Amino acid sequence: MDIFLQQLVNGLTIGSLYALVALGYTMVYGVMKLINFAHGDLVALSAFVGLTIYTQVFGEGITSLIAVITVFMFTAAVIAVVGVLLERLAYRPLRTAPRLSAVVSALGAGLVIQNAIMLIWGPNMMIFPSNLFPSTIWNFNGIVITFTQLMILGLSSVLMVGLYFFINRTKMGTAIRATAIDQDAAKLMGINVNKIIMIIFIIGSSLGAVAGLFIGIYYRGVTFDMGWMYGLNAFVAAIIGGIGNIPGAMFGGLMLGLFNALISGYISSSWAETFTFVLLIVVLIFRPTGILGEKVAEKV
Amino acid sequence: MSEKLLEVKNLHVSYGAIKAIKGIDLYVNKGEVVTILGANGAGKTTTLRTISGLLKSSEGSITFDGKEITQVPAHDIVSLGMSHSPEGRRVFGTLSVEENLLMGAYTLKKHDKETLNWIYKILPRLQERKMQLAGTLSGGEQQMLAIGRAIMSKPKLLILDEPSLGLAPVLVKVIFKAIRDISESGVTVLLVEQNAKAALKLANRGYVLELGKITHEGSSEELLNSETIQEAYLGKKK
Ligand SMILES: Nc1ncnc2c1ncn2[C@@H]1O[C@H](COP(=O)(O)OP(=O)(O)O)[C@@H](O)[C@H]1O
Ligand SMILES: [Mg+2]
């Protein structure tokens with residue numbers, strides 16, 4: 001039972017990170033019917049940018065709430081700009097081209113970002129300082145929660161609830177949903193589709209940036225190619241939840257994180273990745289549009 | 001007295017190598033209902049989509065309310081006072097009826113409660129179903145929604161592409177009654193219809209489009225009484 005509860009905490013933590021990244025995939029897919037394969041590499045870029053801002057501006061030794069907030073805000077802003085540029089340079093010119101061209105462009109853009117990280121920060125693993133967050137640990141009868149885990153769970157929940165309300169309760173959010181359903185009809189309402197796509201990339205990239213920073217803070221070691229692994233897991237999470245569906249991405253991320261943690265806890269962490277794909281296949285056999293993906297099917 | 005709200009001059013539109021519109025001229029005066037008739041594939045939808053900015057013309061000019069809009073993107077044309085209810089309704093299926101209507105008012109800072117209430121008055125079915133997802137409405141109800149959504153922006157010109165297509169006769173009546181109400185409230189209407197007789201009864205003037213060219217034009221009476229029109233467009237229909 002202890003292992004179960006401990007892995008529940010660990011699983012929800014990593015699941016929240018998957019969910020944040022999965023939202024980026026699913027929102028872009030929802031509006032553009034495009035898998036942004038460079039998204040995982042933006043997540044990796046975020047960790048390096050955040051690390052540099054932290055060490056250059058604040059110096060290794062200093063920790064304060066202000067420093068952490070500044071690092072998060074600046075990094076999210078930088079990654080949002082990179083995300084918008086990515087769309088302008090790699091996807092917009094191919095908006096009316098066959099989808100395969102856009103997929104190739106996405107894969108290429110991912111390689112460019114990955115190699116840029118390697119050229120700027122080098123091919124070796126870089127280590128996040130351990131003192132960004134207090135090292136407070138809570139121990140409930142053997143079940144351990146760290147301050148970092150609590151921050152990940154807390155901030156991710158706030159961001160996801162906020163996004164949910166933005167998408168479902170505001171005029172701009174409704175316009176985003178309308179654009180996802182029918183771009184021409186959206187234009188006839190006076191909706192500037194290019195602006196909507198830009199907003200999607202800003203939101204998706206910022207959420208990915210938060211996840212990238214948390215990955216650095218939580219796991220400490222970051223490598224230029226780590227975007228591939230986190231990106232793939234989050235992409236699988238988005239598909240499990242139903243690609244294009246926002247609550248689906250949140251649900252899929254949490255579910256995949258939990259599943260991974262339980263496999264790691266009861267079988268072995270080296271099996272986690274294999275089981276990820278077993279889970280994906282099982283879900284797709286029984287629900288080809290993903291668990292919450294009915295709306296996507298309805299649209300076709 | 002008759003002031004031109006929309007004027008299209010020498011319009012050409014192509015899909016790649018296929019020339020769909022081959023130099024047409026038409027105009028709509030303020031307050032008029034003007035209809036464009038024509039067989040399937042004549043180019044009616046292409047004309048409307050070009051006017052509202054979804055398609056780019058290869059030649060010619062479009063002037064709306066004194067402003068040249070040939071190069072203006074579709075989303076900016078809406079705020080100039082033109083609204084286009086497209087062929088096939090194109091309601092947002094996974095949005096509620098009311099959300100669809102509010103999207104119609106996207107260009108307004110704040111949607112106009114009066115317009116919304118007026119739409120609910122002339123199309124009461126929409127009010128009954130306002131919380132329902134648009135995709136679950138019947139075809140006729142979706143058409144009502146598409147028209148209601150288009151007038152939420154309080155347009156000067158309402159463009160309608162085949163609003164009665166595929167509807168049962170009772171619903172066709174409801175739709176035409178709503179168009180008449182909208183026209184009488186002061187909105188100018190450009191109407192494309194398969195149902196030529198009903199369209200000409202409602203309209204002041206009409207154009208006949210054949211293979212991308214205008215072959216006849218005139219007042220509705222002239223067109224209703226013209227033998228060629230009667231044979232081609234009114235003969236088999238009742
Ligand atoms: N997206 C398109 N690509 C190529 N040709 C098209 C396209 N849409 C319409 N056409 C062609 O243009 C012509 C006019 O079509 P359209 O404007 O839809 O006619 P209508 O609305 O009068 O039925 C037709 O020959 C049609 O086949
Ligand atoms: Mg048509």
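This is a predicted model: local features need pLDDT of at least 70, side-chain atom pairs count only at pLDDT 80 or more; totals for chains, interfaces and linings use all residues.

Me: OK, sheets to begin with. What is the strand order in the open sheet of 6 strands in chain B?
Reply: The order in that sheet of chain B is 6-7-8-3-9-10, and the pairing is mixed. Strand 6 (82–85) and strand 10 (213–219) of chain B are the edge strands, each of them pairing on one side only, and from one strand to the next the twist averages 15 degrees.

Me: Do strands 7 and 8 of chain B run parallel or antiparallel?
Reply: They run parallel, with 5 bridges joining strand 7 (residues 157–161) of chain B to strand 8 (residues 188–192) of chain B. Within that sheet, I159(B) has L190(B), in strand 8 of chain B, as its bridge partner.

Me: And which strands does helix 7 of chain B lie across?
Reply: Helix 7 (residues 169–184) of chain B lies across strand 3 (33–37), strand 7 and strand 8 of chain B, and its direction is at about 150 degrees to strand 8 of chain B. Helix 10 (residues 227–234) of chain B, for its part, lies across strand 9 (205–210) and strand 10 of chain B, running at about 65 degrees to strand 9 of chain B.

Me: Now the sheet of 4 strands in chain B: what's its order?
Reply: That open sheet of chain B has the order 2-1-4-5 with antiparallel pairing, and its edge strands are strand 2 (18–29) and strand 5 (67–68) of chain B. Strand 1 (residues 4–15) of chain B pairs with strand 2 of chain B over 9 bridges, and S14(B) stands opposite K19(B), which belongs to strand 2 of chain B.

Me: Which helix lies across strand 1 of chain B?
Reply: Helix 1 (residues 44–51) of chain B lies across strand 1, strand 2 and strand 4 (59–64) of chain B, at about 115 degrees to strand 1 of chain B.

Me: Changing topic, how much area do chain B and chain A bury between them?
Reply: They bury about 2,000 Å², with 65% of it on carbon and sulfur atoms. On the side of chain B, H75(B), F92(B) and Y106(B) lose the most area to chain A, together 33% of what that side buries. In terms of contacts, 22 residues of chain B meet 21 residues of chain A.

Me: How many salt bridges are there between chain B and chain A?
Reply: The count is 4, and one of the salt bridges is formed by D182(A) with R90(B), whose closest N and O atoms are 2.6 Å apart. The elements giving two or more residues to the side of chain B that touches chain A are helix 2 (74–79) and helix 3 (97–104) of chain B, and the residues of that side divide into 10 nonpolar, 7 polar and 5 charged.

Note on methods
Residues are numbered from 1 along each chain as its sequence is written. Chains are lettered from A and ligands numbered from 1 in the order in which they are written. Side-chain values use heavy atoms; hydrogens and water are left out. Two strands pair if DSSP finds at least two bridges between them. Axes are lines fitted to C-alpha atoms, for helices over the stretch in contact, and angles run from 0 to 180 degrees between N-to-C directions. Contact means heavy atoms within 4.5 Å. Buried area is the accessible area (1.4 Å probe) that two parts lose on being put together, summed over both. A salt bridge is a side-chain nitrogen of Lys or Arg within 4 Å of a carboxyl oxygen of Asp or Glu. Ala, Val, Leu, Ile, Met, Phe, Trp, Tyr, Cys and Pro count as nonpolar, Asp, Glu, Lys and Arg as charged, and the others, Gly among them, as polar.
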